[in-house]
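Hi everyone, thanks for coming along. Let me put the sequence and the model up on the screen, and then I'll talk you through them.

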Amino acid sequence: MNALIFKPNGIYDTVDLNKSHISLDECEQIVEGIVQSVYTIRKLMRKNILVLTNKNRENFNLDNTLHLMSSGQIKDVLKGNVLFIRFDNYGDWFGLSKKDINYVKSCIKSKTTESGNNNMFYIEC
């Protein structure tokens, strides 16, 4: 099983867990700080896929990574490394299957920013 990381430059990375569970310490190393769960992405939550980000993302000089959109409006911006993992009804965290990883990747879209210089990555909530 793997954890999926989405980085500010639009690059995906995976971490091989070598086990089924992922610890809070491992998650905090990946997001480079205290972990915060993002519960507003309903399409992922329905598939038991959890999004974790750095809780102090506003306090650090982290680059924008993933815009959370609803009806064409930006509702939030996740900064720094964004981690995708699976959760169960007991609150345990697990790695993602290949099918889960492909689903997450299919949900993340890209469009050119208004300045035309960069791509903006976003997901509909």
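This is a predicted model: local features need pLDDT of at least 70, side-chain atom pairs count only at pLDDT 80 or more; totals for chains, interfaces and linings use all residues.

Residues are numbered from 1 along each chain as its sequence is written, and side-chain values use heavy atoms, with hydrogens and water left out.

So, the overall picture. The chain has three helices and 10 strands; here helices (H or I, at least four residues) and strands (E, at least two) are DSSP runs, numbered from the N terminus. Going along the sequence, the order is β-β-α-β-α-β-β-β-β-β-α-β-β. The radius of gyration is 14 Å, close to the 14 Å that the globule rule gives for 125 residues, so the chain is as compact as a globular protein of that length. That radius is taken over C-alpha atoms, and the rule is 2.2 Å times the number of residues to the power 0.38. Along the principal axes, the C-alpha trace spans about 45 × 30 × 20 Å.

How much of the chain is buried? Of the 125 residues, 42% count as buried, where buried means under 20% relative accessible area, exposed means over 50%, and partly exposed is in between (1.4 Å probe, protein chains only). As for contacts, meaning heavy atoms within 4.5 Å, look at those between residues at least 6 apart in sequence: 52% of them join residues at least 24 apart. The chain exposes about 7,200 Å², and carbon and sulfur atoms supply 45% of that; the areas come from the Shrake-Rupley method with a 1.4 Å probe, and for residues only the protein chains shown count as cover.

Now to helix H1, residues 24–31. Which of its residues are buried? They are Cys27, Ile30 and Val31. Seen down the axis of H1, these fall within an arc of 85 degrees, so they line one face of the helix. The arc, by the way, is that of the directions from the helix axis to the C-beta atoms. A reminder that helps here: an α-helix has 3.6 residues a turn, so residues three or four places apart point the same way. On the face of H1 turned away from the buried side you'll find the exposed residues Asp25 and Gln29. What covers the buried residues of H1 includes strands S1 (2–6), S2 (12–16), S3 (35–38), S4 (49–54), S7 (82–87) and S8 (93–94).

Just after H1 comes Glu32, in the loop between H1 and S3. Glu32 has a positive phi of about 60 degrees although it is not a glycine. Most residues other than glycine have a negative phi, and most peptide bonds are trans. Glu32 counts as exposed, at 54% relative accessibility. Asn48 also deserves a look: this residue, not a glycine, has a positive phi of about 60 degrees. Asn48 sits in the loop between helix H2 (42–45) and S4, and is partly exposed, with a relative accessible area of 23%.

On to helix H3, residues 98–107. Its buried residues are Asp100, Ile101, Val104 and Cys107. They cover an arc of only 125 degrees around the axis, which puts them on the same side of H3. The face of H3 turned away from that side carries the exposed residues Lys98, Lys99 and Asn102.

Is Asp100 buried or exposed? Asp100 counts as buried, at 9% relative accessibility. Beyond its neighbours within four places in sequence, Asp100 is in contact with Ile49 and Arg86. Further along H3 is Ser106, which is partly exposed at a relative accessible area of 40%.

One last stop, at Leu62, in the loop between S4 and strand S5 (64–70). What does Leu62 touch, leaving aside its neighbours within four places in sequence? Its contacts are Asn54, Arg57, Lys79 and Gly80. Lys79 belongs to strand S6, residues 73–79, and is buried, with a relative accessible area of 17%. The C-alpha atoms of Lys79 and Thr53 are 26 residues apart along the chain and separated by 7.4 Å.

That's my tour, and I'm happy to go back to any part of the model with you.
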